[in-house]
Each structure stands twice: as C-alpha cells, then as structure tokens.
Amino acid sequence: MASVPGPSVTPCHGIEKEKENFCRLCQLIMTICSDLFRDILSYYIKPTDLRSTLDKNSQKLQTLKCINSHQLDILYPASGNTQTKVEDMDMCLLYTLLRNVCKIKPHAKKWGNPPNQGDSSLGACIDRIRIMRNSIYGHLKTGSIEDVDFKNYWTDLKTNIVEIEKLLLVGNSYEQKVDKLMSCELSSNAKQYVEEFKQLQMRIDDVERSTKRKIASKKARIDGVARSTKRHIAVKKARVDALEKKQMSTTNDVKEHLQDMEHHMIYVFQGMVTAMEKKMEEKISSLEQKMEGKLTSMEQKMEEKFSKMNKKVEEALQRLVLLPFAILTHAFDTPVDEVLTLSNVRSGRLWMEWTDGLIQVDTDGNIIDKVNSNGPFCVTEDDALLYRSYACKDGEDVRCIKKKTSKETVPLFETEENENFGRFIVLILTVTSWY
C-alpha cells in the first residue's frame with residue numbers, strides 16, 4: 001500500500017496554494033482512499049480466497065460495461081498460476097468489485113446514485129468517496145482548487161473515511177494518515193500523484209467512451225432491426241389487409257349462399273311437415289274409428305255379463321233363507337251373559353256371539369268350541385260356520401272370511417276394512433247352496 005508522505009527533506013517550494021490544494025486531494029484519493037478500498041475488499045474476501053472468488057464471478061464481471069480490457073487482464077491474467085493482488089488494482093476496479101462481488105448492502109438510493117444526507121451506511125460512504133473523486137477530476141484542467149472548495153472536499157472525504165474505519169477496521173490509523181497529509185509539506189514528487197490521478201481518470205474516461213460506443217453501436221443495431229421490423233410489419237399488414245378484404249368478399253358470398261339454402265330448406269321442410277300432418281290426421285282418424293268399434297263391442301259384452309250376474313244374484317236371493325227369522329225348535333241354557341247373536345240349531349248345537357267372540361254350546365249350556373271373531377257370522381246348511389277374522393299373508397294380518405267345519409278352518413277370500421260383511425254372508429250361503 002502507498003504510504004502517506006510526511007515532511008520531506010526536499011520540500012516542494014514555489015507551488016501556488018490552489019495547486020497545492022489540488023495535489024493534496026489527488027494524493028489523498030490515490031493513496032489513502034485507494035488503500036481504504038483495498039482493506040474493505042480484503043475484509044469481505046480473504047486474500048487467499050480472492051482467486052477462487054474472482055473465478056466464480058468471472059461470467060458476471062466479464063459482461064460488465066464498466067470494466068475495460070486492462071482491468072480484465074489484472075483480474076484474469078494470461079498465466080493461470082499468476083496470483084492476483086489487490087495492490088495491482090486501481091480505485092475504479094476496486095469500487096467495481098466492492099459493488100458487484102462483496103455483497104455489500106446498497107444504500108437507500110442504490111449504487112451509483114448520490115446517497116441521502118445523513119446516511120452513514122457502508123454503501124453510502126463508498127459511493128460518496130467515488131462521487132467526490134469524480135468531482136475533483138473536474139478541476140484537472142486548471143490543476144487548482146480554491147481554499148473553500150478544498151476544505152469542503154477534505155472534510156467530506158475525512159468524514160466518510162473515518163465512518164468506514166469505525167464500521168470495519170480497528171483503531172484510527174486512517175484518520176491519523178488524513179490529518180498527517182493535511183499538515184505535512186508536500187514532497188517534490190507530489191505532482192506524481194496528480195499524474196496518477198490523471199491516468200486513473202483517463203482510464204475511467206476510456207471505459208465511459210468505450211461503453212458509450214458499445215451502447216451507440218447496439219442502439220444502431222436495434223434501430224436497424226426496428227426499421228427492418230417496421231418494414232416487415234408494413235408488408236405483413238398489407239398482406240393481412242388484402243386477406244381481410246378477400247375474406248370479407250368470401251364471407252358475403254357465403255352468407256348469400258347460406259341464405260338461399262335456408263330459404264330452400266324452409267320451403268322443403270314446410271312441404272314435408274304439411275304432408276306429415278295429413279298422414280297423421282288420417283292415421284288418428286283410422287285409430288279413432290277402430291277404438292270406437294272395440295269400445296262398443298266391449299260395452300255390449302260387459303252389459304251381457306252384468307245381466308247374467310244380476311240374474312244369478314236375484315235367483316240366489318230368492319233361494320236365501322234369512323237365518324235371524326228361523327223358527328224356534330229348541331231351548332238352550334247360555335253359559336255367558338250379554339249374548340249378541342244366535343245361529344240356527346244344527347245337531348243339538350248352537351253358535352252364539354258375545355263380547356269376547358263366538359262360542360258353540362250344547363243343549364245343556366256346555367261350551368263345545370270357541371272362535372276369535374268380532375263380526376257377524378252364520379251357519380250353512382251343512383253345519384259349517386262362516387265368520388269374519390284375520391289371516392296371515394306375506395308376514396301381515398289380512399281381514400278375510402273364514403269357513404270352519406268339524407275337520408278344518410280355511411280362509412275363503414279377503415275383504416276390505418269397511419266391507420259390508422252381511423252381503424258377503426248372504427252371497428256365500430247362496431253360492432254354497434248351489435253346489
């Protein structure tokens with residue numbers, strides 16, 4: 001690292017104060033500020049890891065517009081065994097590495113822009129030193145700086161140098177170097193730093209000019225591509241317009257053709273629908289005639305059957321003997337009270353209804369048989385008991401008419417809940433008398 005000159009045995013006499021100011025600032029930039037940037041880089045990347053870190057970021061660094069061929073040769077020498085050193089890097093290259101490789105957090109206004117006033121972050125201090133270096137370069141033509149401007153530059157540079165030293169480094173050696181450079185007499189080689197500063201800025205200007213040329217070249221290529229694209233677009237637009245006109249013409253022809261087809265199809269369908277309606281009317285008329293004939297025939301057959309059934313019922317009613325009005329021929333003792341109904345006597349036995357069902361007694365009043373029934377009953381001429389009860393069908397109790405003889409009890413047919421049981425008894429007695 002360059003050292004800060006102290007009082008020289010060969011002081012530089014006869015130099016103007018304004019030019020001395022410029023020389024001190026150039027020496028501050030080229031020695032202390034450059035060394036500070038080298039220490040920041042070594043803080044984030046150990047010297048032993050510098051080569052591997054640069055190789056890892058080679059693709060990124062080689063595409064940056066702010067790095068020229070000379071700087072790339074320093075980072076990536078032709079001999080692969082040559083060790084890259086931070087001492088070989090100028091301030092411009094050091095700033096590029098700090099910004100793009102060290103992952104230092106940018107200040108609020110982002111890299112390359114003037115930081116906010118009062119922002120003391122590392123990124124802000126680095127950017128302020130770079131901006132003041134560029135501002136000092138503006139005085140290169142005259143090689144002099146007024147005292148007021150010099151003090152402002154010096155104070156701002158010292159403030160940011162001290163702030164960086166507090167953030168990363170130990171001690172205050174950089175602050176002491178700044179103060180020592182401020183108070184010492186300039187040596188006879190002070191103009192060397194002015195020349196180095198000038199060479200540094202010339203390299204920066206070369207990079208900027210090269211970058212501008214590249215940008216202008218790319219812009220020219222982009223403009224050429226844009227013009228070519230516009231011509232292609234114009235040609236394609238003309239083709240599209242021609243196709244659209246042709247399509248519109250074709251579309252109109254298709255519409256007219258479709259309209260003609262639509263009218264023709266409507267005409268054809270209307271004729272088909274009219275013919276179908278006539279056929280349907282004829283078929284419906286034919287079906288109505290057939291149905292009327294069949295219904296008439298069915299009515300006649302039903303009337304004949306009902307007439308025959310009525311005759312049979314009338315004949316049965318004429319042969320019916322009403323049991324409740326039978327002639328008393330025997331007297332029985334009843335074993336229960338509240339007898340509701342009695343049947344005619346057959347073979348010295350009597351069926352009677354009371355509140356708990358039906359019982360059969362002999363002439364002495366003894367109970368011979370019992371039947372669970374809650375409705376009317378009667379006895380046929382062959383001494384069979386007809387009564388209303390329940391039978392099991394498909395797991396459910398169904399109301400029915402049962403016939404009980406001395407040998408068995410069988411259900412005859414089912415009845416509805418509110419069916420007139422008396423009419424069934426009369427009909428059964430009549431039918432059984434026929435057979």
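**Figure 1. Overview of the predicted model.** The model is predicted, with local features requiring pLDDT of at least 70 and side-chain atom pairs counting only at pLDDT 80 or more, while totals for chains, interfaces and linings use all residues. Residues are numbered from 1 along each chain as its sequence is written, and side-chain values use heavy atoms, with hydrogens and water left out. The protein contains ten helices and eight strands, taken as DSSP runs (helices H or I, at least four residues; strands E, at least two) numbered from the N terminus. Of the 435 residues, 32% are buried, that is, under 20% relative accessible area with a 1.4 Å probe and protein chains only; exposed means over 50%, and partly exposed lies in between. Among contacts with a separation of 6 or more, 54% join residues 24 or more positions apart.

**Figure 2. Helix α7 and its packing partners.** Helix α7 spans residues 147–168. Its 22 residues reach 32 Å from first C-alpha to last, close to the expected 32 Å at 1.5 Å a residue, where the expected span is 1.5 Å times one less than the number of residues. The buried residues of α7 include Phe150, Tyr153, Trp154 and Leu157, as well as Asn160 and Glu165. The buried residues of α7 pack against α1 (17–44), α6 (122–137) and α8 (173–183).

**Figure 3. The buried face of helix α8.** Tyr174, Val178 and Leu181 are buried in α8. Seen down the axis of α8, these buried residues fall within an arc of 70°, so they line one face of the helix; the arc is that of the directions from the helix axis to the C-beta atoms. The buried residues of α8 pack against α1 and α7.

**Figure 4. Glu408 in the loop between β7 and β8.** Glu408 counts as partly exposed because its relative accessibility is 48%. Glu408 and Ala384 are 24 residues apart in sequence and 10.0 Å apart in space, C-alpha to C-alpha.

**Figure 5. Confidence along the chain.** The protein has a mean pLDDT of 78, and 75% of its residues reach 70 or more. Confidence is highest in α7, at 95, and lowest in helix α10 (residues 421–434), at a mean of 48. pLDDT also stays under 50 over residues 429–435, for which the model has 13 contacts beyond four places in sequence. Where pLDDT is low, the predicted coordinates should not be read in detail.

Methods
Contact means heavy atoms within 4.5 Å. pLDDT is the predictor's confidence in each residue, from 0 to 100.
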